[in-house]
Amino acid sequence: MSAGALAAAFTVPVVGALTCSAPVVTRPTLQFGVRVPRERAGAPVIRRERRAYYWRTAAVGVCCTVVAVAVQGYWPSWLIRIILLPELAADLGCFWVARRKIAAVKNADNWFAGLRQTIVTDTSWRSDPPRFPVRWLIPALAVMAATAAVGALRYPGLPAHIVTGSGHRVSKSAVSVLVVAGQLYVTALWSGLMLIIYRSRPDIEAADPAASTLRYRRFLAAFTRALLIMAALADASLLLVALRDWQVYRLSGIGRALPVLPFAAGMLLLAAVAARAGQGGSRLNGNVRGLALATGVDRDDDRLWKAGLLYVNRDDPAVMVGSRFGVGWTFNLGNPVAWLIIAGIVAALAGMAAIGAAAGI
Amino acid sequence: MLLSIEPDGPVPIYQQIRDRIVEAIARGRQPAGSALPAIRQLAVDLGVNFHTVNKGYDLLRQEGLLRLNRKSGAVVRRDAGSGPPDPGWVQDWTGRLRTLLAEAAAQGMPATDIVRECQAAIADFAFPAAVAEAWNRSQGPP
């Protein structure tokens, strides 16, 4: 069993677990992409559909994991990764089924009738903005510097072509360029996106604006730190790949999966922070009752979310907004700037893939 | 300052933005000299069009409550302690107030209820100490 195949097989249950648990970390007022008033969050249809979603996605995850494990040794690692596609498609199907049923009951019973739908913002978010934790970038930059230093020392002594961990014989320059480019990409992408998010609007609940603003501040700080640590660990994974390819160390058998470990640890950390905090800090304590009175309920903005997951609002100048399902953020596809950023992300990735393909990796 | 709008309500959004800021100034939450978010930032935070916020801010600028410039952004220009307003403005405001009170009377609201609502609103405002004291004296012992 190769390290690549093992890592690919490991990804299948991880993705299954993350999609299965997504409703737990989502806001109670957002059920499968459907906006509901807080007092309806425990409605029978929601409880029923949540239960059904857990069972369905768990079954999908188990089936896909069984297939991924069963074909170990028979299928190449890239083919095992293909299992992720039907797994994600099936999970998406489970999401849509739940969403459709909840939306049908919501619309039939007119859950928002007679409620004051409001949008609330806290101007202190701009007068006293949260500071991006620049110091937490130091570990990632240190790993990049270490990679460059080791590379500079090892590179002259290497043969023109080296054998990579996956058994390909490629030029040493291609491997070295890809490792450094990969580290730059990961670090710049994640810190860049977080910088955009720091300038985006906070997720403020109309029913409890002051407390939800405080919770969002704590969530943003914790999530950013975890993400920057994950960037450092992803860089460390790439450094381990580089050290292996630069013939600094050699491991066999299951030990060849060593480079995956830092990245997996980073994923675990990020998942733990997301599970603890919930989307926008919705699972954190931090009530400041008395600081501000409830002003109404969150606006029923379902029509701005295509399929419950994609935000498209041409009138909204925001580039990124809080995601509707799970923990994180998503692009406002109605904003041309968002499309430019997406194009830049894809182009950089395609450029690295092209270098890899040209080098025969 | 918490700024709340009802995007699907009968009042235009720019008017709601203007109203909420006027209320915040009257309550002392945005004193003279304090900064408001830039137009683009507030548009992002409310998820509304840039021009909508611009229109609301422009109303406040025309009323002399806000100063807008490229360097310092949007800054509150007047508050309850800034001294008496322009006589022309007072005349205009008195006219609007009369209409508002007439609406209440026309709808059958008792005079005592109208006065009570007015007192409750005024009690919420942040007048300078001397003005507040004079107001409390005029209300008599509780």
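Modeller: A residue is called buried if 20 or more other C-beta atoms lie within 10 Å of its own, exposed if 12 or fewer do, and partly exposed in between, with the C-beta atoms placed from the backbone. Residues are numbered from 1 along each chain as its sequence is written, while chains are lettered from A and ligands numbered from 1 in the order in which they are written. This is a predicted model, in which local features need pLDDT of at least 70 and side-chain atom pairs count only at pLDDT 80 or more, whereas totals for chains, interfaces and linings use all residues.

Let us begin with the contact itself, to which chain A gives 24 residues and chain B gives 21 residues; two residues are in contact if their C-beta atoms, placed from the backbone, lie within 7 Å. On the side of chain A that touches chain B, two or more residues come from each of β3 (117-122), α5 (124-127) and α8 (209-245) of chain A, where helices (H or I, at least four residues) and strands (E, at least two) are DSSP runs numbered from the N terminus. The largest share of that side, six residues, is supplied by β3(A). By type, the residues of this side of chain A are nine nonpolar, eight polar and seven charged, with Ala, Val, Leu, Ile, Met, Phe, Trp, Tyr, Cys and Pro counted as nonpolar, Asp, Glu, Lys and Arg as charged, and the others, Gly among them, as polar.

Across the contact, β3(A) pairs with strand β1 (residues 2-5) of chain B in the antiparallel sense, over four bridges; strands are said to pair if DSSP finds at least two bridges between them. Within this pairing, Ile119(A) has Ile5(B) as its bridge partner, and Val120(A) stands opposite Ser4(B). Inside its own chain, β3(A) is joined by two bridges to strand β6 (residues 297-298) of chain A, and these strands run parallel, with Gln117(A) opposite Val297(A). Because five of the six residues of β3(A) are buried, the strand is largely enclosed by the rest of the structure.

Helix α5 (residues 111-123) of chain B has 13 residues and reaches 18 Å from its first C-alpha to its last, close to the 18 Å expected at 1.5 Å a residue, the expected span being 1.5 Å times one less than the number of residues. Of those 13 residues of α5(B) the number buried is zero, so this helix lies largely in the open. Ile162(A), found in strand β4 (residues 161-163) of chain A, counts as partly exposed because it has 18 C-beta neighbours inside 10 Å. Leaving aside neighbours within four places in sequence, Ile162(A) is in contact with Val170(A), Lys172(A), Val175(A), Asp245(A) and Gln247(A).

Chain B also has an open sheet of three strands in the order β2-β4-β3, with antiparallel pairing. In that sheet β2 (35-36) and β3 (66-69) of chain B stand at the edges, each with a single partner strand, so one side of each is left without a neighbour in the sheet. The pairing of β2(B) with strand β4 (residues 73-76) of chain B runs over two bridges, and Ala35(B) has Val75(B) as its partner there.
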